[in-house]
Amino acid sequence: MRLILLGPPGAGKGTQALRLVAKHAIVQLSTGDMLRAAVAAGTEVGLRAKSIMDAGQLVPDDVVVAIIADRIGQADARRGFVLDGFPRTVPQAEALDRLLAARGLKLDGVIELKVDEGILINRIATRVEEMTARGEKLRADDNPDVLKGRLAAYRALTAPLADHYARKGMLKTVDGMAPMDDVTAAIDRILSPAGAAKGSAKAKPAAKKPSRSKAKPAKGRKAKVPAKGRAKKRAKASAGSKGHKSAQAKNKAGQRKSGTKRRLTKAR
Ligand code: ADP
């Protein structure tokens, strides 16, 4: 399975990517993580990227495209991957299209997490407070001023990607403001064989009333969403039948992820 997660900083891409990794035994390819690893290792790429990242701007396309080109060719990405933070510009998306085509690979979907910017700023502020309280080191770009720049870069350069993928019929949109588990359930529905035909799905925030949506939406129509009741049932079912498997996959994925970083920092 090959997926792209789209969404502004703080939208929850990283959280959802980790869940997809565990569920589908694929790898998470986060250009942000890879660049941070390169910075930490003091590689040439890292030295080039550091000040750009600290300022909340985008690293040049050729740098990230080269990183991804190298990474998707590695053995652990063969089973599939979820791209988190890449592509971030239309030229990056076009480069990815070419990279995949050259390898005879196809994307299974592009999932956009739609969020409200005002709330995002609060989320980042909370994340900063929580990390500070735990005594964890903050990312240099995790501060409100830089975040505004990151959001501006997102609006100008990354948001147009939704159109790029919508034109290809690949874009699915999820309500990223819903509780995390509901977002996960909405993504699961999109990725399930029945959900794949739907086009889009929304995660509903926790509602009080149970919904009555047993009827399947007609094929090809916008997913009027199977509400929470159904989402919960699925989540329960998968926790029951696949929980064990997922945990194993998670371990495996975790090992792969750290392996990835090692390889990357060595290579660059
Ligand atoms: P966030 O999604 O929270 O903004 P990331 O961890 O994805 O953070 O990225 C952090 C920084 O790394 C970005 O602000 C940017 O400077 C750089 N970066 C990551 N991915 C890309 C990319 N695909 N193209 C250009 N720059 C990138």
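Which backbone N or O atom lies 2.4 Å from an oxygen atom of the ligand? The atom belongs to Gln57. Keep in mind, as you explore, that this is a predicted model.

**Around the ligand**
- The ligand has 18 residues around it, and those that come nearest are Thr31, Arg36, Gln57, Gly85 and Arg150.
- Helix 2, which covers residues 31–41, gives the most to this shell, with 4 residues.
- Sorted by class, the shell around the ligand has 7 nonpolar, 5 polar and 6 charged residues.

**Contacts and cover**
- Arg88 places a polar side-chain atom 3.0 Å from an oxygen atom of the ligand.
- Lys13 also has a polar side-chain atom by a ligand oxygen, at 3.4 Å.
- On its own the ligand would expose 540 Å², and the protein buries 96% of that.
- The largest pocket is the space taken by the ligand.

- The largest cavity contains about 70 Å³ of space.
- Its lining includes Leu5, Leu6, Phe86 and Tyr154, and two elements each give two or more residues to that lining: strand 1 (2–6) and helix 7 (144–158).
- Lys13 and Arg88 turn up again here, among the residues lining the largest cavity.
- By class, this lining is made of 6 nonpolar, 3 polar and 2 charged residues.

How values were computed
Residues are numbered from 1 along each chain as its sequence is written. This is a predicted model: local features need pLDDT of at least 70, side-chain atom pairs count only at pLDDT 80 or more; totals for chains, interfaces and linings use all residues. Side-chain values use heavy atoms; hydrogens and water are left out. A residue is near a molecule or strand if one of its heavy atoms lies within 4 Å of it. A polar contact is a pair of N or O atoms within 3.5 Å; within protein, one must be able to donate a hydrogen and the other to accept it, and residues adjacent in sequence count only if both atoms are side-chain atoms. Accessible areas come from the Shrake-Rupley method with a 1.4 Å probe; for residues, only the protein chains shown count as cover. On a 1 Å grid over the protein atoms alone, a cavity is a set of points where a 1.4 Å probe fits but cannot get out, and a pocket is an open set with protein on both sides within 12 Å along at least five of seven lines; lining residues have an atom within 4 Å of a point. A molecule sits in a cavity or pocket if more than half of its atoms lie within 2 Å of its grid points. Ala, Val, Leu, Ile, Met, Phe, Trp, Tyr, Cys and Pro count as nonpolar, Asp, Glu, Lys and Arg as charged, and the others, Gly among them, as polar. Grid points are joined across faces, edges and corners, and a volume is the space filled by probe spheres set on the points.
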